[in-house]
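Here's a quick briefing to read alongside the model.

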Amino acid sequence: MPFLGDDIQQDMQAFAERLMPRLRRRADHPHVAAVVNGLEQLTVCAGADEVRALMDVLDDAKASLPQGVRSWRLRCRIYLAHLGDPRAVLALARDTVLMAITLESYPSERATALKMVKATLGWLFFATSDPEYAYLGREIRPPCRGEAATMVDRFGQLLIEFVEHQALLTMTDGAATASGQLPASQPAKSPGCLSPTGRSEVAMSTSAVIFTHVGNANTGEGKKVVKELEGLTGNALPLVPVPDLKAARAALRAEFPYAADVIDEVLRDVALRSHVQIRPTILVGTPGCGKSRFATRLLKVLNLPHDMIPCGGVSDGTFAGTPRRWSTGEPSLPFALITRYKAAGPGAILDEIEKVGTSRHNGQAHDALLAFLERETASRFHDPYVQAPCGLSYVTWLMTANSLEGLSAPLRDRCRVLPFPEPGRDHLPILSRRIISDILAEQGLDHRWGSPLDGIEMEAVAKAWPGGSLRKLRSVIEVVLASRDVRH
């Protein structure tokens, strides 16, 4: 709800000052006197404790107060929710969903009911962000930085969009199956397209201007940069639209059956958007568990152009670019990716990010990355090569690491860290088929030339490979395939 002057403290004070004259006429009653005293506290020091105390006395005095006491208590609950009280937050979510259910039966009030649902989801999300609220458990909570009203509106809208997008996918699949017009390989519509009912969905941005101008463009080096950005400066570059997420999920789960939770977690990022982008993520797992291959395959099935950059031995801050006044001047890594692929939001996979050098003599890679990992700073990053602000906030950053040791605290703070699991023996049939296909492809042969491991071969591989590194599994399978040649 909007507060007087957009200030909750000012609103609480005005609320108390408006009620006190009415109640002072009946202040001889002890319950009413307690309410007046509680209101007086709001005019002096309006905090969560004072609001909570006022709610308690309103409960005790409700039989002695005017009929409007219910609205007074609701107002106090709203104050408490905005001040971060988790019980008030959940109570407010309950109230808004009840209002939505009531309004939904009136066709003219459907839009208002949707706003109530959005508020409900937003308040529930806000409640889950409080690690001190034991009722919700002690697991990791989503971060909520900022004022309650802003967070509730933002995350409520994101969750509404997520539900709408999933409903659209389901409707698209159902309509296509019923009519037989849509082959399984055709991507489902993402938000911004016409729904199967013919209703136009809300249009979302599918392009973005990255480079607005080049600084010091009249110098010799400036003219060179202008030429490099010819056709890109001032023009919108495309963002990759969201593909069929069901097909992407199925493809990834078929190849990485042991990483189902990780797959669902990262695809959830994409489902909330109109274009493909994944929040900065570090995949942490033991050597050989398949995290680098997973990062590559993930971006490939999402149709996102990308590069993989090995970080072992990187010992300076060139990721952020170097000034063009030097003979060795070069653009930042995001600049290079965007200009190479002519796309506003390409992907960067930083492999083994923990192995970068720690010296800060010529800058340090972890420090250079920080500006790219927060949307606000990335959206106006001053590239020293361009000598002008660039909009680099659409780039997807995926990192792999064998451990978190060696990763700076600021880098970890800006990224989501996902443990990447090890495959086990129960995944051997699927993994062995994939590895055999990879070996045949490297030899220039069609995968149909190879036959899967038979029962005896599978038993031998299982004895030699208890699970873990896929590199070791491949070595074992290569020995088995070589023994076939000897037998034949």
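What follows starts with the whole chain and then goes through selected spots.

Keep in mind that this is a predicted model. The protein has 488 residues, and 43% of them count as buried.

**Overall picture**

- Take the contacts in the protein with a separation of 6 or more: 69% of them are between residues 24 or more positions apart.
- The accessible surface comes to about 25300 Å², and carbon and sulfur atoms make up 55% of that.

**Helix α17, one side in and one side out**

- Helix α17 covers residues 455-464, and its buried residues are E457, V461 and A462.
- Looking down the axis of α17, you'd find those buried residues within an arc of 135 degrees, so they line one face of the helix.
- As background, an α-helix has 3.6 residues a turn, so residues three or four places apart point the same way.
- On the face of α17 turned away from the buried side sit G455, I456 and K463, which are exposed.
- At the start of α17, D454 has a side-chain oxygen within 3.2 Å of the backbone nitrogen of I456.

**Around S332 and helix α12**

- S332 sits in the loop between β4 and α12, with α12 running over 333-341.
- Is S332 buried or exposed? Its relative accessible area is 0%, so S332 is buried.
- The S332 side chain has a polar contact of 2.7 Å with the side chain of D383.
- D383 also turns up among the contacts of S332 beyond four places in sequence, together with F319, A320, G321, F372, F381 and L392.
- Moving on into α12, the buried residues there are L333, P334, F335, L337, I338 and T339.
- Just after α12, K342 has a positive phi of about 55 degrees.

**Other positive phi values**

- N303 is not a glycine, yet its phi is positive at about 65 degrees.
- You'll find N303 in the loop that links α11 (291-301) to β4 (306-310).
- E352 is another non-glycine with a positive phi, in this case about 55 degrees.
- The loop holding E352 runs between β5 (347-351) and α13 (365-370).
- E352 has 23% relative accessibility, so it counts as partly exposed.

**Aromatic rings and a charge over a ring**

- The count of aromatic pairs in the model comes to 9.
- One aromatic cluster is made up of F256, Y258, F294 and F420.
- The charged end of R375 sits over the ring of Y394, at 6.0 Å from the ring centre.

**D11 in helix α1**

- D11 belongs to helix α1, which takes in residues 8-24.
- D11 counts as buried because its relative accessibility is 5%, under the 20% cut-off.
- What joins the side chains of D11 and Y79? A polar contact of 2.4 Å does.

**Two glycines**

- G122 is part of helix α6, residues 110-128.
- With a relative accessibility of 0%, G122 counts as buried.
- Although G122 and V89 are 33 residues apart in sequence, their C-alpha atoms are 9.7 Å apart in space.
- G84 is in the loop between α4 (69-82) and α5 (86-104).
- G84 has a relative accessible area of 30%, so it is partly exposed.
- From G84 to A48 it's 36 residues in sequence and 8.3 Å in space, C-alpha to C-alpha.

Technical notes. Residues numbered from 1 in each chain as written. Predicted model: local features only at pLDDT ≥ 70, side-chain atom pairs only at ≥ 80, totals over all residues. Heavy atoms only, no water. Buried < 20%, exposed > 50% of the residue type's maximum accessible area, 1.4 Å probe, protein only. Contact = heavy atoms within 4.5 Å. Areas by Shrake-Rupley, 256 points an atom, 1.4 Å probe, with all protein chains shown as cover. Helix = DSSP H or I, 4+ residues; strand = E, 2+ residues; numbered from the N terminus. Arc of directions from axis to C-beta. Polar contact = N/O pair within 3.5 Å; in protein donor to acceptor, adjacent residues only side chain to side chain. Phe/Tyr/Trp six-rings, centres within 6.5 Å; stacked < 30°, edge-to-face > 60°. Lys NZ or Arg CZ within 6 Å of the ring centre and 35° of its normal.
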